[in-house]
Amino acid sequence: MLFKLSIHNMKKSFKDYTIYFLTLVLGVAIFYIFNSLDSQTAMLEVSQTAHELIDLMMGMLSGVSVFVSIILGFLIVYANNFLIKRRKKEFGIYMTLGMGKRSISKILVCETLLIGILSLGVGLILGIFGSQFMSVLVTKLFQSDMSEFIFTFSSGACIKTMIYFGIMYLLVMIFNTFTISRYKLIDLLNASKHTEKVKLKSTWLSVILFIVSILLLSFAYYKVTQEFTKITQNELMAMIALGAFSTFLFFWSLSGFILKLVQSCKKVYLKELNMFVLRQTNAKINTTVCSMTIICLMLFLTIVILSAALSTNYTLQNGMAELTPVDFNAYKTLDLSGEDYYGNAYSEKRIEDSKISVAESFEKAKLDMSIFKDVVEVTTYAINDITMQTTLGEVFEEIKQEFPTVDYDIAEEIITVSEYNKVARLYHLQEFSVEENEYIVLCDYQNMKQIRDKALELNTTIRLKDKTYYPKYQECQDGFITMSSNHINMGIIIVPDNAPLTENDRVKNYFLANYNATTDKEKHEVENMILSDSFEQNLTALDSDIDAVSKITIYEAAIGIGAMVTFIAIYLGIIFLISSAAILALKELSESSDNKERYDILRKIGTDEKMIHKALFLQIGIFFILPLLLAMVHSIFGLQFATKILSTFDNIGDLTLPIILTAIFIILIYGGYFLATYFGSKNIIKECNY
Amino acid sequence: MSEVLRVKNIEKYYGNKSNLTKAIDNISFSVQEGEFVGIMGASGSGKTTLLNCISTIDKVTAGNIMIQDQDITKLKGNHLNKFRSQELGFIFQDFNLLDTLTAYENIALALTIQKKNAKEIDERVKEMARKLGIVDILSKYPYQISGGQKQRVASARAMITEPKLVLADEPTGALDSKSARQLLENFEYLNKELKATILMVTHDAFTASYADRILFIKDGKIFNEIIKGEDSRKIFFEKIIEVVTLLGGELNDVI
């Protein structure tokens with residue numbers, strides 16, 4: 001009997017439930033898709049490094065999944081609570097007919113169970129098919145070839161989804177039972193009669209607070225973008241809190257402000273249903289401010305996360321060719337003595353090995369040197385007198401205050417101009433020339449470049465033993481010796497060939513080369529020879545301390561990191577978006593049923609249907625667009641900040657394409673919810689008896 | 001005086017063939033310009049159905065309703081809305097004011113939906129408010145004013161469009177006797193001074209006594225018609241009571 005009632009109820013309140021149900025289905029599907037990624041990546045033909053990265057990614061994704069399930073949990077409890085409230089009268093009638101609260105709870109449990117099972121079922125089916133499309137994207141992201149299409153199903157992800165959502169639904173059931181037990185019959189029966197008191201706010205107060213919120217926002221924006229370098233961790237947190245607070249204030253006062261503004265322009269105010277729409281918005285805003293603030297902040301996060309992540313991926317993939325001009329780099333520190341960084345004495349063997357070049361070590365370890373071609377070997381120098389502190393000269397004190405954490409006592413790496421030009425020729429970088437008393441600073445790491453440029457602008461001289469050198473350029477030049485996935489050359493000083501550097505000043509030996517191979521496959525074979533166990537054992541026997549990077553490993557790491565960042569961003573982005581859109585949609589739909597009476601009055605006094613639809617569209621539109629607009633303004637500054645923060649890793653490049661992609665993404669999901677809400681509401685307020 | 005409303009042999013059926021209810025059974029009458037006509041009847045007699053048909057909210061099954069030479073039973077969709085907003089004024093028992101709008105805005109709404117220009121709207125709202133004595137409550141919200149004031153705001157909204165016909169459905173139904181009297185005096189003023197043609201449905205004899213002519217409806221048919229003529233309101237009231245007693249039963253206990 002109760003079960004029958006539940007099914008009937010669901011059929012009846014289908015309109016209210018559609019968006020809720022669709023959101024649940026989407027949530028389940030997305031949860032499954034992202035948790036089943038490993039089964040799709042498992043069959044990809046990728047190397048060991050890539051597999052390790054995929055494992056890392058899966059770890060991070062399942063961590064994010066916990067966070068996502070918390071958000072979805074909140075959404076479900078919120079939405080459900082909302083739908084329960086709408087049905088107070090129905091429960092009141094059950095109770096007058098003699099049904100106990102326990103039975104009503106049972107009806108609700110049945111309903112939740114039904115919806116839960118249905119949404120899980122449909123969501124999983126959608127997820128399983130969706131993940132097939134996802135595997136195409138995965139293949140593309142990992143730049144792997146998918147030789148044949150295989151239909152994958154991850155039972156692990158499926159069970160995980162069921163467990164996570166099962167817990168959420170269980171929570172909802174407990175929550176419902178609790179809510180029902182608190183209701184009193186009289187309140188239930190009178191629920192529909194109780195009209196929301198229109199809370200009045202002084203419009204002048206709104207105007208003042210609106211201006212205050214704008215000022216506060218501008219201040220926060222200014223702090224995080226313009227005074228970015230000076231901001232401390234605590235200040236940053238304070239600015240974020242201030243931003244959130246002023247967002248709240250903004251929404252709280254906005255409608256009053258606009259009302260005042262429009263009222264002063266009678267032409268607009270007294271046009272068609274404008275005043276009705278404005279008053280409606282103003283009346284509603286009191287109950288909506290909190291959710292609007294949260295939605296605005298979620299949208300803001302979505303925009304920033306998505307744009308930044310897409311841009312990171314994009315830059316990682318694009319900068320690769322330039323950053324990895326050759327196949328192989330290896331380097332070692334020369335002439336070691338004393339203790340290492342951790343205070344352990346170097347072994348005899350290591351000190352012995354540090355006296356010979358990388359190539360010599362390789363030969364000693366019996367590596368077939370014919371696998372290399374285009375070999376360039378260079379040596380760099382360092383002397384204790386030239387540290388970062390001395391190269392910064394007069395600006396040192398100022399910079400130390402600004403960046404207290406940098407170690408300024410490390411000796412700078414110095415290279416002679418002809419040695420560097422050998423590297424530059426190999427890498428197809430710009431070659432340099434210096435006069436007798438000139439030096440050049442090579443640095444492509446943005447933050448460091450800014451610091452060094454300050455010193456160079458002041459023509460800061462350096463003293464190498466008894467000779468003084470002047471900067472040739474007033475700013476750092478691009479260039480590097482070791483390859484990496486980013487521009488992270490912190491600074492290398494180029495001096496003339498006749499600079500007073502001796503054997504004793506040697507610090508590092510570099511071995512740069514291409515593989516003696518043409519195809520990708522051959523290159524992988526060469527790489528495997530270098531990675532072979534026997535060679536590694538031989539090197540270990542020498543206790544050789546050689547660092548090496550190869551084009552292949554850098555590429556794989558970059559692709560892996562890019563893919564990881566992209567996946568997590570899309571995952572979070574979708575969840576944030578559907579959560580906020582669903583909250584808005586449900587709220588607006590229920591408002592529409594409350595507003596049905598008002599629209600009926602409008603009809604009775606003879607308002608045109610078109611005008612009514614326009615007013616409805618405007619009303620819902622305002623509530624959807626406002627948080628998005630403010631979120632967009634937030635993002636303009638947030639992205640600037642993100643660009644600056646991430647430039648520490650030099651990963652953010654051109655943002656145009658990522659922003660367009662993000663916009664499309666938001667328009668599709670958010671716009672979809674908006675349209676669904678509009679048509680749903682239109683249906684609700686549709687004239688029924690005349 | 002010209003004829004504002006002419007109702008010709010209208011019928012309204014509810015239900016299906018096997019179970020037919022005649023809410024209105026062949027009613028005909030007409031209302032002249034400047035007249036204040038009351039329609040009385042017990043609940044279920046069909047008076048509200050009649051009003052709904054005239055106000056285009058409901059459709060008749062048969063017959064014609066002419067409002068100044070226009071047959072409104074032939075109107076459809078948006079023409080109906082347009083007609084309603086331009087030619088008719090409505091006053092409802094439960095006021096039907098929008099609670100989110102101030103009194104001023106509620107009155108102005110009737111004109112804004114006709115896309116009148118802002119300056120004209122402002123002037124007309126203020127003038128109408130002055131005539132009905134509600135100038136000082138214009139900036140208040142419905143929940144801040146009394147029932148009588150609400151009904152006067154509703155009257156102002158109904159009148160401001162200068163409708164051919166004002167339709168009032170139990171306008172005093174939700175008011176206490178003092179407010180009711182005040183409102184009815186307002187109606188008199190609208191009728192006498194502003195030349196408004198009013199058609200009012202009520203089951204309250206006192207309210208009805210303010211009208212010039214009263215139609216009594218029973219079981220969907222016109223049962224009787226009395227005209228005030230030169231009588232004072234007191235005598236007219238007594239006449240009404242007589243008819244009501246004749247009508248019998250239910251109506252008595254309302255008085």
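Visitor: How do the axes of α9 and α10 of chain A cross?

Guide: Start with the convention. Axes are lines fitted to C-alpha atoms, for helices over the stretch in contact, and angles run from 0 to 180 degrees between N-to-C directions. Helices (H or I, at least four residues) and strands (E, at least two) are DSSP runs, numbered from the N terminus. In this predicted model, helix α9 (residues 203-225) of chain A and helix α10 (residues 233-263) of chain A have axes that come within 7 Å and cross at roughly 150 degrees.

Visitor: What ground rules apply to the model?

Guide: Residues are numbered from 1 along each chain as its sequence is written, while chains are lettered from A and ligands numbered from 1 in the order in which they are written. The model is predicted: local features need pLDDT of at least 70, side-chain atom pairs count only at pLDDT 80 or more, and totals for chains, interfaces and linings use all residues.

Visitor: Are α9(A) and α10(A) roughly parallel or roughly antiparallel?

Guide: Angles under 35 degrees count as roughly parallel, over 145 as roughly antiparallel, 65 to 115 as roughly perpendicular and the rest as oblique. The two helices are therefore roughly antiparallel to each other.

Visitor: Is the crossing left-handed or right-handed?

Guide: A crossing is left-handed if the near helix is turned anticlockwise from the far one by less than a right angle, and right-handed if clockwise. α9(A) passes α10(A) in a left-handed crossing. The residues of their contact comprise 17 nonpolar, seven polar and two charged. Here Ala, Val, Leu, Ile, Met, Phe, Trp, Tyr, Cys and Pro count as nonpolar, Asp, Glu, Lys and Arg as charged, and the others, Gly among them, as polar.

Visitor: How many residues does each chain bring to the contact between chains A and B?

Guide: Two residues are in contact if their C-beta atoms, placed from the backbone, lie within 7 Å. Chain A gives 23 residues and chain B gives 25. On the chain A side, α11 (266-269), α12 (274-323), α21 (551-604) and α22 (609-646) each supply at least two residues. The largest share, five residues, comes from α12(A). By class, that side of chain A has ten nonpolar, four polar and nine charged residues.

Visitor: Take A:Met292. Is A:Met292 buried or exposed?

Guide: A residue is buried if 20 or more other C-beta atoms lie within 10 Å of its own, exposed if 12 or fewer, and partly exposed in between. A:Met292 lies in helix α12 of chain A. It has 24 C-beta neighbours inside 10 Å, so A:Met292 counts as buried. Leaving aside neighbours within four places in sequence, A:Met292 is in contact with A:Phe251, A:Leu626 and A:Pro627.

Visitor: And where is B:Lys140 found?

Guide: B:Lys140 sits in the loop between α4 (118-132) and α5 (147-159) of chain B. With 15 other C-beta atoms within 10 Å, B:Lys140 is partly exposed. Beyond four places in sequence, B:Lys140 is in contact with B:Thr102, B:Ala103 and B:Ile145.

Visitor: How many helices and strands are in chain B?

Guide: Chain B has eight helices and ten strands. Its radius of gyration is 18 Å, close to the 18 Å that the globule rule gives for 255 residues, so chain B is as compact as a globular protein of that length. The radius is taken over C-alpha atoms, and the rule is 2.2 Å times the number of residues to the power 0.38. Buried residues make up 49% of chain B.

Visitor: What about chain A: how many helices and strands?

Guide: Chain A has 23 helices and nine strands. Of its 690 residues, 39% count as buried.
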